[in-house]
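Reader: I like to know what stands behind each word in a structural description. Could we go through the terms together?

Author: Gladly; here is the structure to look at while we talk.

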Amino acid sequence: MTATRNFTKDVPLHGGQLRDISERFSIPVSDLIDFSANINPDGVPHNVLSTLQACLKDLSVLTSYPDLEDVALKDSIATYCEVSPHHVVVANGFVPLFECALRTLKIKRCILPVPAFVEYRRSLTRCGVEIRPHLLTPSSDFRYDVQALIDGDHNADAILLANPQNPSGVLTPKEAVLDLVRSCARRSITVFLDEAFIDYAPLDSLTPDVERLTNLVVFRSVTKFHGIPGLRVAYAVTNQSSAKLLNENLPPWLVTTLASRAAAEALKDHAFAATTWERNDVRRTQLRMGLEAQGVRVYPSAGNYLLFHLPGSKSPQRFWECMIVKHHLVLRNCSNYEGLPAGHFRAAVRTETENKTLIQAISKFLSSD
Ligand SMILES: Cc1ncc(COP(=O)(O)O)c(C=O)c1O
């Protein structure tokens, strides 16, 4: 096995690292089923493909610079998020947007509930922000204790939350997040709210409320739900003056014309969204019940993924490698999540057949010596 840059503690830094896994375990990528990245298993909205195909017939898409203001994409996002386009900022991924927000708002000390998406700490560190970790516990399903979060730290000027959370998938009801944002406003704390997976629970999104919440920046992505992480489009929705500052501080032309047009269309595809909600609910329940039937503890999730804990005394690393080598199933080994006890894994919700394959593989592993 070769050690690679993307592996920490013998596990990949992120989900979806199939080339790395393929090289390490000598299994062709095409033979692997990826449960480690939470991408819609049904592929991309139909109109994304037709838009991309139409773009390729018009050479000016390649020979001209993208629209500096990205008007069409911002209009589409604004409609999707029930705000005016003046509230929208776009970039080629969550990380550049978040780092721009940290620098623009001159954040010094940020409360970071953990476990959390591993890039949060990396971004905060790169931007010289002092991190105030706040440990979430398995006994409360990693739920945010809204009051404890802010009462515990009087010096922070920001807090970074995710709704639904990653890796747990737990959803904090909109009213509770609103309470927290208002409490933070009274203490001059900026709330960074990562809603990368809120498309699965859109009624709990805070984007329609940004106008009256001046201390809130919401981040969303056109990647997971719409199945196009390779295109790289993310956006922030915030009050008008912060949006203006963020737009001024971002480098120009971050989003290519191809990505911009495809993402704008993806957000308009209501039929795709409705099908995804329905299928994801059925499939997530199927996967949850299949895992629980093996005695596996599964955490409540509003997203398209489930966090679970391996029962018994089996080696987590052996389990993860066995799933790959024997069954060609790649789970997210969560051992590199800060604050997460050993033995946790995350599985994306995939098609019913693939979910069954995973349940059977886990059953075999757990019943072996
Ligand atoms: C919670 C969370 N936020 C943000 C991102 C990054 O999203 P993007 O594709 O927009 O960079 C991820 C990617 O896995 C994620 O899990």
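Author: Let us start with a definition: buried means under 20% relative accessible area, exposed over 50%, and partly exposed in between, with a 1.4 Å probe and protein chains only. This is a predicted model, where local features need pLDDT of at least 70, side-chain atom pairs count only at pLDDT 80 or more, and totals for chains, interfaces and linings use all residues. Residues are numbered from 1 along each chain as its sequence is written, and side-chain values use heavy atoms, with hydrogens and water left out.

Reader: Which residues of helix 9 are buried?

Author: In helix 9, residues 240-249, they are Ser242, Ala243 and Leu246. Helices here are DSSP runs of H or I with at least four residues, strands are runs of E with at least two, and both are numbered from the N terminus.

Reader: Why are the buried residues of helix 9 said to line one face?

Author: The arc is that of the directions from the helix axis to the C-beta atoms. For helix 9 the buried residues fall within an arc of 100°, so they line one face. Ser241 and Lys244 are exposed on the face turned away from that buried side.

Reader: What do the buried residues of helix 9 pack against?

Author: Their partners are strand 4 (88-91), helix 5 (94-104) and strand 10 (234-238). Contact means heavy atoms within 4.5 Å.

Reader: What puts the buried residues of helix 2 on the same side?

Author: Asn47, Val48, Thr51 and Cys55 are the buried ones in helix 2, residues 46-56. They cover an arc of only 105° around the axis, which puts them on the same side. His46, Gln53 and Leu56 are exposed on the face turned away, while the cover of the buried residues includes helix 3 (60-63) and helix 10 (257-266).

Reader: Why is alanine 302 called buried?

Author: Its relative accessible area is 12%, and the cut-off is under 20%, so alanine 302 counts as buried. Alanine 302 sits in the loop between strand 11 (297-298) and strand 12 (305-309). Leaving out residues up to four places away in sequence, alanine 302 touches Pro164, Gly169, Leu171, Tyr200 and Arg284.

Reader: How do you know that the protein is as compact as a globular protein of its length?

Author: The protein has 13 helices and 15 strands. Its radius of gyration is 21 Å, close to the 21 Å that the globule rule gives for 369 residues, so the protein is as compact as a globular protein of that length. That radius is taken over C-alpha atoms, and the rule is 2.2 Å times the number of residues to the power 0.38.
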